[in-house]
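Please look over the model shown here before reading on.

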Amino acid sequence: MRAVRHLMHSKWLLCRSNSPSVNTSVSCHVRQFSTSNRCMTIMPAWVIDKYGSNDALRFTRNASFPIIHYPNEVIVRVFAAALNPIDVSMRGGYGSATLSMKRDPLNIKQTGSEFPLILGRDVSGVVMERGLDVKYFNEGDEVWAAIPPWKQGSLAEFVVLSANEISHKPKSLSHTEAAAIPYVATTAWSALVNTGGLTKDNCAKKRILILGGSGGVGTFAIQMLKAWGAHVTVTCSQNAEDFVKGLGADHVVDYTAGPVEQPLSALEKFDLILDNVGGDTEQWALGLLKPWCGAKYVTLVTPFLQNTDLLGIADGMLQTAATMTTKALKHLVKGVHYRWGFFAPSGPALDEIREIVDAGQIHAVVEETFSFSQVPKAFEKLEKGHARGKTVVQINKGEEDL
């Protein structure tokens, strides 16, 4: 609470210091909607002005301060952010065609209007201001969220989000720990629950295979599935075996020991496969499913954004639809379901995940923490791959992080 009171006091001082006179400062206290643009117009942030390598990252103290445009939005002061592989991909321009269309569906703005672009999909922080329609959150509430890739990200002191994208932060976690969860959690939730049809009520004793289980999505999925009573088999490298077993994995297969499909084929067949690897895995993985039992193969490695980048929006979407339909029908006649999973930001999903976290059944897996000034080093670390948890950046320090 001391940190929250300090935040509110600092906000009042900002209004005072940016007002040309005592009379105009009154507008900061009788605001009807949002006066963020009056009280504060710029903020520190890491941005990119063009797509490229790590050299494209630039620190600025003059990034545009977020503004509440819709009554269901909130401004969050960022205490901690986390990096994901999609941040590295977006820095290089991956998905730019589709994301530009999402930002500007009428194509009114010029090409490159997304710059300067702020990366970062995970955030944990405090609500600084809210729109008129926001009833469930108050100023000073501690929240966490996964930020949609078409919005400005969390590598800044403030970010604006829709109220349906945020959730109250787990009380058992610090901001640094909380920032490690939302993006991988909502991705795993979308794949396993929305696409895979799993719930806490139907998951008990189901056999689940996670291909690539030592990354962010895999480590979260292991914990959630075990909390729901599933039997979880994981593929990973030998040096990650103890790590994933510590998270609850029942059986681990080392993919560095040889073709992984051979030892997996010797096991009892699975009810669901979550594929974080892609490549040629789908050529053999669907044969590991129980036929004619509603078993599903869900892959998070899809050609959708790559198709739209290469072929344009219309042709890319047609190509994607044709590919998906062909593969789904091909495997349906064999008695198994082929599906694609996608990241889907969801405050309600994070509400349910918060309960599991506060019950002690899911733990934040933070591999390394960097300061705000070390963002380029954080990207370099992430690009090396073979992560054993999340890379977190501390933007501002909350009271419990001191």
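Predicted model: local features only at pLDDT ≥ 70, side-chain atom pairs only at ≥ 80, totals over all residues.

Residues are numbered from 1 along each chain as its sequence is written, and side-chain values use heavy atoms, with hydrogens and water left out.

- T235 is placed in strand β9, residues 231–236, where strands (E, at least two residues) and helices (H or I, at least four) are DSSP runs numbered from the N terminus.
- T235 has a relative accessibility of 4% and therefore counts as buried (under 20% relative accessible area, with exposed over 50% and partly exposed in between, for a 1.4 Å probe and protein chains only).
- Not counting residues up to four places away in sequence, T235 touches L209, I210, L211, G212, G213, V253, Y255, V260 and L264, contact meaning heavy atoms within 4.5 Å.

**Chain and cores**
- The protein chain has 15 helices and 15 strands, and 53% of its 402 residues count as buried.
- In the largest nonpolar core, which has 51 residues, V123, L155, I166, V375 and F379 touch the most other members; such a core is a set of buried Ala, Val, Leu, Ile, Met, Phe, Trp, Tyr and Cys residues joined through side-chain atoms within 4.5 Å.
- Elements that each supply at least two residues of this core include β1 (42–48), β4 (122–130) and α15 (375–383), while β3 gives the most, with 6 residues.
- A second, separate core of 41 residues includes V232, C236, A349 and I353.

**Aromatic rings**
- The structure holds 9 aromatic pairs, counted when ring centres of Phe, Tyr and Trp (its six-membered ring) lie within 6.5 Å, with planes under 30 degrees apart taken as stacked, over 60 as edge-to-face and the rest as tilted.
- The rings of Y51 and F115 are edge-to-face, because their centres are 4.8 Å apart and their planes stand at 65°.
- Y51 lies in the loop between β1 and β2 and F115 in the loop between α5 (96–103) and β4, so this pair ties together parts 64 residues apart in sequence.
- Ring pairs also link W46, F59 and F372 into a cluster.
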